[in-house]
Amino acid sequence: MKFRADRDTLLETLVTASRATSTRSGASFGIVGLKLHLRGQQLEVCGSDPDLVIEARCEVAGDADGTVLVPSRLVVDIVRSFESGAVTVVAGDEEVRFQSGRAEFLVRVAVGAEITRLGVPEQEGIEIPGAVFADGLRQVVRAALVDDSRAPQLTGVLMIATEGGLRLVATDSYRLAFRDFAGMTVVEPGGQVLVPAKALAEVQRLAGSGKADDDRTIVFRHSDLDAVFDLVDVRITTRLLRGQFPEVERLIPTSYAYHLHVARDDLEAALRRVRLVVRDTKDATTPVRLALHEGGVDLTVLTPESGRAEESVEGVFEGDDLTVAFNPSYLLDGVEAVRADTLILEVNDPGKPALVRGEGEDEYRYLLMPVKVS
Amino acid sequence: MTAPLDILHVDMDAFFAAVEILDDPSLQGLPVIVGGTGSRGVVASCSYEARAVGVRSAMPMVEARRRCPRAVVLSGRHGRYGEVSRRLHEIFEVFTPIIEPISLDEAFLDVSGGHRLFGSSMEIAEAIRARVAEDLKLSCSVGIARCKLLAKLASRAAKPIASVSGPLAGPGIFVVDPERELEFLHPRPVSDLWGVGPRTAERLARYGIATIGDLANVDAEHLVRFVGRSAGAQLHDLAWARDDRPVEMGRPVKSVGHEETFAVDVHDREQLRLEVTRMAEAVGSRLRASDLGGRTVTVKLRYGDFTTITRSHSLHRPVASSAELVKIAAALLSGADVHPGVRLLGVSVSSLETRAAASGEQLSLWEPAGGETDLASAARADLDAVVDAIRERYGVAAVGPAALVGASGLRVKQLGDSQWGPSR
């Protein structure tokens, strides 16, 4: 195998594929491989973990077709270190030469590195508008569970057919995010698929990185076991999650006793500030207290180690004064995801779920359980 | 100006054994050994009568019994020693707030702030010894020096000396004269230094380094080659009595755990599950008693051939609930291989935080994976509180999980039991 490529293009392709390997144990030791496959003028780079495969393609000046396995981390670092310009790659039996300018690396072929193969469903693909979908993913993926030791099915995002179109749902049992896409038929009526949030995060990153006028289309297909997202130059194949996704509809209260209307930007900025005193932002137990009153909301974070932060945000509040506490990062996740200028926070009781949504933005809802404070 | 002699090392004399003799005067004058009484037990403490015939701390109990067949061997009462230790601390606190506890029976004190009130370091040491003798009816030895290393060695030099005709009183207090520190330090064996364990001592011996003086005369760069970079530099400094480590107060607890060696290796998964339940349950009690919660639960297994494995699980929030700890520990155990036979089992909780700092509890929309609701979680917290209250009043063994009831009644893990080996 032999080709010349533009450094920036090659790097982007390598990085995209390597993101499938980034969480794989051993990634830091260089034993995780990327497969480089050259045919004609097209280079395909494939990275994988056991449940996710990312194949990224780019145009290169190909000289000799071939396939080689290289250590993922090292090769990404090497190409990143090159100056912009041409990179020549020549694969031998035992070593691959990466050369740019006067710099040359001979990298040992990653013998024994594993590349996962997932079956590509044969079903006909469904086209999804990329930018809109990516935007929805950005709102929902954040609510999925990251650590899968508790309940693997919660590390996924549920794509479910609704009467009006498609709904995305994710929850980690503390919060629950919904996003509806009216008129988007992606999953067959009555059907649902549970897609790992990790794969969708990559879809979101790639589909969302296009410029506004460049609404890339995603082609989606799935079987009972796997799902494929085809983007321009990238294919993401993921295993679907098994297991029962919880019945979440019933968790949503039908009405709320208290309603706060605030400027979304103001609330987000204030939350970011007061959260500074929380040392470990993953700490689910240092809450931000929201004292809701006629003039708006007073935010307070109190930590024994770092100190105290307070800020008031003006707003309109209906109901008797009430204090409710939340994990500041969880609340911020919901506030960030709202698109509308005016955000509505709805509460029933400091021990019951609260709702974050945008005014006039019915397609998105973020339900959040409070933190119980004594 | 001479360097100030502000560091005291106070070490109780044969502490556990002395407490046993105090509580049962009929043991007076007999060789008393406290430790694991079973075949795999070790000696934790022994009276001077036992020392006179060669019994030492950390010696296998089998060996100790062989050397001293007439010894009174006791399994120890950790709770009682803790109680005496707390009273010892109260005495220290009279003289200085800067106390670094090393274990139940020894501590470093920095008395630099106490001279105006209590006089010289010597006078403070005398006062501490007098209070310990009067209030606790026990004896201790005190080392006084410029630094921790020398103070610790000095307290050893102050100790009583065991002899076949009964213990000979030691000086009780030993001061290392700043002018003569090296004279004191250099003749001692290298193993007296911090960081020199049996293996390092053996390696140094191969290069002909036996005493601290030998070590001091080795070029620092050579030393690095023998024992590694960081250890080398540190040992070289210590060998020249350069030790500027301060007396550190209240080092926070890093983990809370229990471990136990079994009399015979256990192959039965069900028995191990009960043992892990017993330990996790007790760890929960201890965490709650200290107002702590931890995010990482670790189960440790040591097989018959001494290979040791650990299995950990980290949580997104600190836990202290016994039921939850039992569940996690049991799950960790079920993922471990027990086939080779388990010699030692341990459960510990780390990444601790005070529950006061953890000032809230994140509520769940529901409990995932078929777990319990918040209602059940509240009930569980109530249960823990009730169990803790009963134990406070009637003792640790007064209540415990039904699974732990066996032919010999309820087997609740208590702090310190079996810590020196199994009782049979």
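Q: Over how many bridges do S1(B) and strand S6 (residues 106-110) of chain B pair?
A: A quick word on the ground rules: this is a predicted model, where local features need pLDDT of at least 70, side-chain atom pairs count only at pLDDT 80 or more, and totals for chains, interfaces and linings use all residues. Residues are numbered from 1 along each chain as its sequence is written, chains are lettered from A and ligands numbered from 1 in the order in which they are written, and side-chain values use heavy atoms, leaving out hydrogens and water. Helices (H or I, at least four residues) and strands (E, at least two) are DSSP runs numbered from the N terminus, and two strands pair if DSSP finds at least two bridges between them. S1(B) and S6(B) pair in the antiparallel sense, and the number of bridges is five.

Q: Which residue in S6(B) stands opposite B:Ile7?
A: Strands of a sheet pair through backbone hydrogen bonds, either parallel or antiparallel. Here S1(B) and S6(B) are antiparallel. Across from B:Ile7 you will find B:Asp110.

Q: Which are the edge strands of the open sheet in chain B?
A: This sheet has five strands in the order S5-S6-S1-S7-S8, with mixed pairing. An edge strand here pairs on one side only, and that describes strand S5 (99-103) and strand S8 (173-175) of chain B.

Q: What angle does the direction of H4(B) make with that of S5(B)?
A: Axes are lines fitted to C-alpha atoms, for helices over the stretch in contact, and angles run from 0 to 180 degrees between N-to-C directions. Contact itself means heavy atoms within 4.5 Å. H4(B) packs on the sheet and touches S1, S5 and S6 of chain B, and its angle with S5(B) is about 155 degrees.

Q: Why is helix H1 of chain B said to be largely enclosed, and by how many buried residues?
A: Buried means under 20% relative accessible area, exposed over 50% and partly exposed in between (1.4 Å probe, protein chains only). The buried residues of H1(B), including B:Phe15, B:Val19 and B:Ile21, pack against S1, S2, S3, S4 and H4 of chain B. H1(B) is largely enclosed by the rest of the structure because the buried residues number seven of the nine.

Q: How far from the ring centre of B:Phe184 does B:Arg188 lie?
A: A charge sits over a ring if NZ of Lys or CZ of Arg is within 6 Å of the ring centre and within 35 degrees of the ring normal. One such case is B:Arg51 over B:Tyr48, at 4.8 Å. B:Arg188 lies over the face of B:Phe184 at 4.2 Å.

Q: Are the rings of A:Phe220 and A:Phe229 stacked, edge-to-face or tilted?
A: Rings of Phe, Tyr and Trp (its six-membered ring) pair if their centres lie within 6.5 Å; planes under 30 degrees apart are stacked, over 60 edge-to-face and the rest tilted. The structure holds eleven aromatic pairs over all chains. In this one the centres are 5.0 Å apart and the planes are at 45 degrees, so the pair is tilted.

Q: Which residues have the most contacts inside the largest nonpolar core?
A: A nonpolar core is a set of buried Ala, Val, Leu, Ile, Met, Phe, Trp, Tyr and Cys residues joined through side-chain atoms within 4.5 Å. The largest has 105 residues, and its largest share, six residues, comes from helix H4 (residues 197-208) of chain A. A:Phe229 is buried at 0% relative accessible area, and among the residues it touches are A:Leu200 and A:Val203. Those with the most contacts inside the core are A:Phe133, A:Met159 and A:Phe229.

Q: By what angle are neighbouring strands of the twelve-stranded sheet turned against each other on average?
A: This open sheet of chain A is antiparallel. Strand S14 (192-196) and strand S22 (322-326) each have a single partner strand, so one side of each is left without a neighbour in the sheet. With direction ignored, the average turn is 25 degrees.

Q: Which residues does A:Val75 contact, leaving aside its neighbours within four places in sequence?
A: A:Val75 sits in helix H2 (residues 72-81) of chain A and counts as buried at 0% relative accessibility. Its C-alpha atom is 9.8 Å from that of A:Ser18, 57 residues apart along the chain. The contacts are A:Leu14, A:Val70, A:Phe98 and A:Val107.
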